[in-house]
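Work through the exercises below with the structure in view. Try each task before reading its solution.

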Amino acid sequence: METKNMMKYVSILSVFAVVGMFAYLVHASKLFSYLTEDPKVCINCHTMNTQYATWQHSSHRERATCVECHLPQESLFNKLLAKSRDGFKHSYAMTFRTYEGQEISASESAQERIQANCIACHREIVSQIMANAKLYEVKDDSGQIDRKCWSCHRFVPHGRARGLNATPDNLGVKEI
Amino acid sequence: MKRSTLLTFVSVAAIVPIALLAISINENKAEQKELATVPPIKKLESRSSEWGKHYRRQYDSYMQTRKSDKIKDMLQDSPALVVLWAGYGFSKDYNAPRGHYYMLEDNINTLRTGGPVDAITGPMPTACWTCKSTDVPRLIDKIGEMDYFTGKWARHGSEIANPVGCGDCHDNETMRLTITRDFLKRGLDAEGSLKAADATHQDMRSLVCAQCHSEYYFKKTEWTDKNGEKKTAGVVTFPWDNGFSAEAMETYYDDISFVDWTHKVSKTPMLKAQHPGYEIFKTGAHGLNNVACADCHMPYVREGGVKYSSHNVSSPLEQMASTCMNCHNEEEKAFKDRVARKLERKTELNKTAMDVIAKAHLEAGKAWELGATEAEMKDILQDIRHAQWRWDYSIASHGSFFHAPEETLRILGSAINKGQDARVKLRAVLAKYNAGDFTAPDFSTKEKAQEVVGLPYQKLVDEKMTFLDGLRKEWIEQQKQKGLYDPAAWEGLVFNTSYAPARTSAEVVKK
């Protein structure tokens, strides 16, 4: 009888412990910040300090946040799907340190989204370019060539700085 | 298995990965915090090499300002200056400015600051240190603004140890741009078009420069120290209440009957324009488009993959690819030629103005000599005062011919006009005393000009050398004891002036 009672308390206690630990995890990881569009969320960890700093020193900081370029904008469903998928990939890479020793670069699917967002915002300027590209630079059956905006505009908006030490003194208490 | 046992088992199984994840997250956060921490630098640290330990590139580029080391004797170049400033420090010694690195050295070496033998001798007040050293904000913070601005220049000799540097413009905790001289804030608030509190980052990229590159005077201010003793401070003050223009400041000075000095030859109650660089800049094309000083004088440069702003403050023409060419699409040579032409235009009017006003002084001197009365001379002296003020305002900041060519030439034109007004009136007075054909004596060289105005040049040099080999060395010893002396700021410095042979610091020590 006593053991049974004790087991009951232990089990209740352990459930509380799990809930408590989980609550702490939510707090420590700033979980809810990921539901916002604040660019500072992308530097919750240090991995993207350079990307943040270069963007923050570019003209795009006045117009476009990280997610406005890097997530699909055409539908909320696709946006959330992409956010969760990228979020999982990034958390995995960060936790198991699989990114170390590699240059961070946008995946193919991310590149498609970014390109679509470039075009969406700069539609009026690039519409003729797009039309010309379709007419004269046909590469495959889809009628699209695979050059991206940044194949030429290589410094927009992140510059070519890649390593952490390429953007010294750019964050500090000013941002965090 | 019982339900409670199962629950416990599952819970523990969940806790383990959650705990591991929490540890991992905290490690990542600690890393980020460490990376984003600004290194500890003391509040108002005056030794730039201390900042340089953490901001190597900025510091190294700042130290490059030592390459701007040529002494160009402006009095030799334009002997008329000696006549214009007769009775005032600038007629003793005046060189074109060198790099930031030399600011304190040149302030100490110039004949203007004289040869004090103790803390209470010498011609200049403490205010003359104000724009020369990072130790100024530190000292003001330590003893208070009023106390700082009280007494003779030599009083602070043992405290002022480092040339203008990091601490003059940067906050030690955030590296943000900051105004360390409150008189700029007071000036801005009085002028009103940009209140100090409203300054944006882009504004700050000019305002940190405007702390010193502006017109100012030493305002006599009574104060009582903590022992109840009444004292008078000479507080650096910007005459901006009526606006930035030459006329607005002229009215300001006239309204308070301010006089910098009385001219030795013409007895004119004179004004000395310092260097209204910021004020004139704001009227030019770049200033009107809110281009900041730093945009052209501290351009972003790349070293490998690193981009930072060069702290080698210098002429933008020396690195046009990273300055002018960022905005202008033109050939460098065409650009340089155009700037050179702007300078020629200013030089032409500048020479005329100096000649006219110098002659006006000498002719006024002759009129006094012949017995002219105060009533006869009053209007003339007012014309000379205004003429010289306007001339000085227009050229004293050196860069005005480029920053705002139209404004510069406009003011020079009005200076010449005022000067000639004085001379027309003077001719009538001279004629009255039978000297209608008087010709001003020759002042075509620095030596002749100094003789004309009666300047004991060799005595000044001797006093200065005695000071440099005596009191100056005591100051350095005291600075070392106080931990203010920064060897990096002085090592290898060559003693270079317009009045004595150059020598290295090692030779100075030997002597």
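**Exercise 1. State the order of the elements of chain A from the N terminus on.**

Solution. The order is α-α-α-α-α-α-α. That gives 7 helices and 0 strands. Helices (H or I, at least four residues) and strands (E, at least two) are DSSP runs, numbered from the N terminus. The model is predicted: local features need pLDDT of at least 70, side-chain atom pairs count only at pLDDT 80 or more, and totals for chains, interfaces and linings use all residues. Residues are numbered from 1 along each chain as its sequence is written, while chains are lettered from A and ligands numbered from 1 in the order in which they are written.

**Exercise 2. Find how many residues of α6(A) are buried.**

Solution. Start with the helix itself. α6 of chain A covers residues 123-136 and has 14 residues. Its span from first C-alpha to last is 19 Å, close to the 20 Å expected at 1.5 Å a residue (1.5 Å times one less than the number of residues). Next, apply the burial rule. A residue is buried if 20 or more other C-beta atoms, placed from the backbone, lie within 10 Å of its own, exposed if 12 or fewer, and partly exposed in between. The count of buried residues in α6(A) is 0. For chain A, 14% of the 176 residues count as buried.

**Exercise 3. Determine which element gives the largest share of the side of chain A that touches chain B.**

Solution. Contact means C-beta atoms, placed from the backbone, within 7 Å. Chain A gives 29 residues and chain B gives 28 residues. On the side of chain A, α1 (2-28) and α4 (76-96) give two or more residues. The largest share, 13 residues, comes from α1(A).

**Exercise 4. Describe how α15(B) and α16(B) are oriented to each other.**

Solution. Take the axes, lines fitted to C-alpha atoms over the stretch in contact, with angles from 0 to 180 degrees between N-to-C directions. Those of α15 (residues 332-369) and α16 (residues 374-395) of chain B come within 10 Å and cross at roughly 155°. Angles under 35 degrees count as roughly parallel, over 145 as roughly antiparallel, 65 to 115 as roughly perpendicular and the rest as oblique. Therefore α15(B) and α16(B) are roughly antiparallel.

**Exercise 5. Decide whether Tyr94(B) is buried or exposed.**

Solution. Locate Tyr94(B) in the loop between α5 (80-84) and α6 (103-109) of chain B. Tyr94(B) counts as buried because it has 21 C-beta neighbours inside 10 Å. Leaving aside neighbours within four places in sequence, Tyr94(B) contacts Met74(B), Leu75(B) and Leu81(B).

Key
Contact = placed C-beta atoms within 7 Å.
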